[in-house]
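The exercises below go through one protein model, from its confidence to its core. Try each task with the structure open before reading the solution.

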Amino acid sequence: MESYTKLAIVAIVLVATLVTEPMATNGLVICGVTTDGLKTCQPSVAKNVDPLPPPTAECCTALGNADMPCFCKLKDSSMLGFYDIDPKHAMELPVKCKLPQASFHC
């Protein structure tokens with residue numbers, strides 16, 4: 001009975017992982033930008049990289065709906081660090097992408 005219980009727990013964990021992984025990867029929106037969008041911008045805002053590559057067209061498109069006041073609130077949190085994003089570089093992206101949000105300052 002004990003081995004059956006362990007097997008059932010492992011099966012539940014695997015199913016939960018398979019079901020929630022696509023949602024976590026594609027469905028999570030942070031400040032108006034999907035996690036996939038954040039990933040396209042990551043090389044341009046990575047920590048400890050010099051020189052940084054310019055943002056890609058995909059990155060700039062992903063930032064089109066970015067909520068900059070929201071990102072300002074996150075810049076000192078661990079959320080951006082989780083994606084290895086330097087907040088200072090992240091705040092430079094709207095200018096580099098020539099987005100309407102470029103005039104916003106924290």
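The protein averages a pLDDT (the predictor's confidence in each residue, from 0 to 100) of 77, and 75% of the residues score at least 70. This is a predicted model, in which local features need a pLDDT of at least 70 and side-chain atom pairs count only at pLDDT 80 or more, while totals for chains, interfaces and linings use all residues. Residues are numbered from 1 along each chain as its sequence is written, and side-chain values use heavy atoms, with hydrogens and water left out.

**Exercise 1.** Find where in the protein confidence is lowest and where it is highest.

*Solution.* Begin with the helices, which, like the strands, are DSSP runs numbered from the N terminus (helices H or I, at least four residues; strands E, at least two). The lowest confidence is in helix α1 (residues 2-27), with a mean of 40, whereas helix α3 (residues 57-62) has the highest, at 96. Next, look at residues 1-25, where the pLDDT is below 50 and where the model has 6 contacts (heavy atoms within 4.5 Å) beyond near neighbours in sequence.

**Exercise 2.** Work out the order of helices and strands along the sequence.

*Solution.* The protein has 6 helices and 2 strands, and reading along the sequence gives the pattern α-β-β-α-α-α-α-α.

**Exercise 3.** Determine which residues of helix α2 are buried, and how they are placed around its axis.

*Solution.* Buried means under 20% relative accessible area, exposed over 50%, and partly exposed in between (1.4 Å probe, protein chains only). In α2 (residues 35-45), the buried residues are Thr-35, Gly-37, Leu-38, Cys-41, Ser-44 and Val-45. Seen down the axis of α2, these buried residues fall within an arc of 135° (taken from the directions from the helix axis to the C-beta atoms), so they line one face of the helix. Lys-39 is also in helix α2, but is partly exposed, with a relative accessible area of 44%.

**Exercise 4.** Describe the largest nonpolar core and the surroundings of Phe-71.

*Solution.* A nonpolar core is a set of buried Ala, Val, Leu, Ile, Met, Phe, Trp, Tyr and Cys residues joined through side-chain atoms within 4.5 Å. The largest has 20 residues, and those with the most contacts inside it are Ile-30, Leu-38, Leu-63, Phe-71 and Ile-85. Two or more residues come from each of α2, α3, α4 (68-74) and α6 (87-96). Finally, leaving aside residues up to four places away in sequence, Phe-71 touches Ile-30, Cys-31, Val-33, Leu-38, Ala-66, Leu-80 and Met-91.
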